[in-house]
Structures are given as structure tokens and as C-alpha cells.
Amino acid sequence: MLEGEAWALWLALKFAMNMCLTEVYFESDCKTLVDKVNSNNLDLSKAGVLIQESRKLLLLNQIYHLVFVKRQASNVVAQSLARVATSISCLQYFHHVLML
């Protein structure tokens, strides 16, 4: 699931940058992802490259913030997006899903 969460964060960061959004708070209920992105440690997991790229984007845009929020039972949208992200092999298709 970490890979799907990492993809979702990276895509959200890129989207915010492309839309020239300012003072954006990205929330995740994946504490592992938030801790890894907010640390300076090298990550050798499958999601490591995405974590490193997300870290770079956050450092370049210091008006963006990544914070951990406790998971809520009714967080259906976030759970659905994470499920889609981990089941799609084609980024172009995922981009299409996000734009609907």
C-alpha cells in the first residue's frame, strides 16, 4: 500500500505545482509515508524513488506541507483512490481517472 500512497502524494504535489497553488497542506493517513518523506534518510523500499522525489518537491516549495492525520472509518474517497493507485499499471490511465 505504501507504493500507492507514494504515487498519490507525488501526483498531488505535481498537480499543485502545475496549478500554481500556494500554502497547500497535504494530508495522509499513512504515517509511514509521512515519516519517510519528512525525514532525511535514504529509503530503499519499492516506494523509495517516489518518496525521494516527493521530498524534493516539498523542499522546492516550502509553502507546501505534508502532515499525518488519523484514519477515519468514513474516509471512503481516500481509500478508493489508494486502491485505484495500487491496481493501475499505467500512469496515463491514472491521470485520466484523476481528471474525471
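User: Which helix is glutamate 5 in, and is the residue buried or exposed?
Analyst: Glutamate 5 is found in helix α1. Its relative accessible area is 17%, so glutamate 5 is buried. Buried means under 20% relative accessible area, exposed over 50%, and partly exposed in between, with a 1.4 Å probe and protein chains only.

User: Before going on, what are the ground rules for the model and the numbering?
Analyst: It is a predicted model, where local features need pLDDT of at least 70 and side-chain atom pairs count only at pLDDT 80 or more, while totals for chains, interfaces and linings use all residues. Residues are numbered from 1 along each chain as its sequence is written, and side-chain values use heavy atoms, with hydrogens and water left out.

User: How do α1 and α2 pack?
Analyst: Helix α1 (residues 2–18) and helix α2 (residues 31–38) pack at about 60°, and their axes are 10 Å apart. That makes α1 oblique to α2. Angles under 35 degrees count as roughly parallel, over 145 as roughly antiparallel, 65 to 115 as roughly perpendicular, and the rest as oblique. Axes are lines fitted to C-alpha atoms, for helices over the stretch in contact, and angles run from 0 to 180 degrees between N-to-C directions.

User: Which residues make that contact?
Analyst: From α1, Leu2, Glu5, Ala6 and Leu9; from α2, Thr32, Leu33, Lys36 and Val37. These residues divide into five nonpolar, one polar and two charged. Ala, Val, Leu, Ile, Met, Phe, Trp, Tyr, Cys and Pro count as nonpolar, Asp, Glu, Lys and Arg as charged, and the others, Gly among them, as polar.

User: And what is the angle between α1 and α3?
Analyst: About 30°, with the axes of α1 and helix α3 (residues 48–60) 9 Å apart. That makes α1 roughly parallel to α3.

User: Which residues meet there?
Analyst: Leu2, Glu3, Ala6, Trp7, Leu9, Trp10, Leu13, Lys14 and Met17 in α1 meet Leu50, Ile51, Glu53, Ser54, Leu57 and Leu58 in α3. The contact of α1 with α3 divides into 11 nonpolar, one polar and three charged residues.

User: Switching to cysteines. How many disulfides does the structure hold?
Analyst: Zero, where a disulfide is a pair of cysteine sulfur atoms within 2.5 Å. Cysteine 20 counts as exposed at 64% relative accessibility, and cysteine 30 is buried, with a relative accessible area of 15%.

User: Where is cysteine 20 placed, and what is its phi?
Analyst: Cysteine 20 is in the loop between α1 and β1 (24–28). Its phi is near 55°, a positive value in a residue other than glycine. Most residues other than glycine have a negative phi.

User: What about phi of glutamate 23?
Analyst: Near 50°, again a positive value in a residue other than glycine. Glutamate 23 also lies in the loop between α1 and β1, and is partly exposed, with a relative accessible area of 45%.

User: Last one: how many helices and strands are in the protein?
Analyst: Five helices and two strands, running α-β-α-α-β-α-α from the N terminus on. Helices (H or I, at least four residues) and strands (E, at least two) are DSSP runs, numbered from the N terminus. Buried residues make up 34% of the 100 residues in the protein.

Key. Contact = heavy atoms within 4.5 Å.
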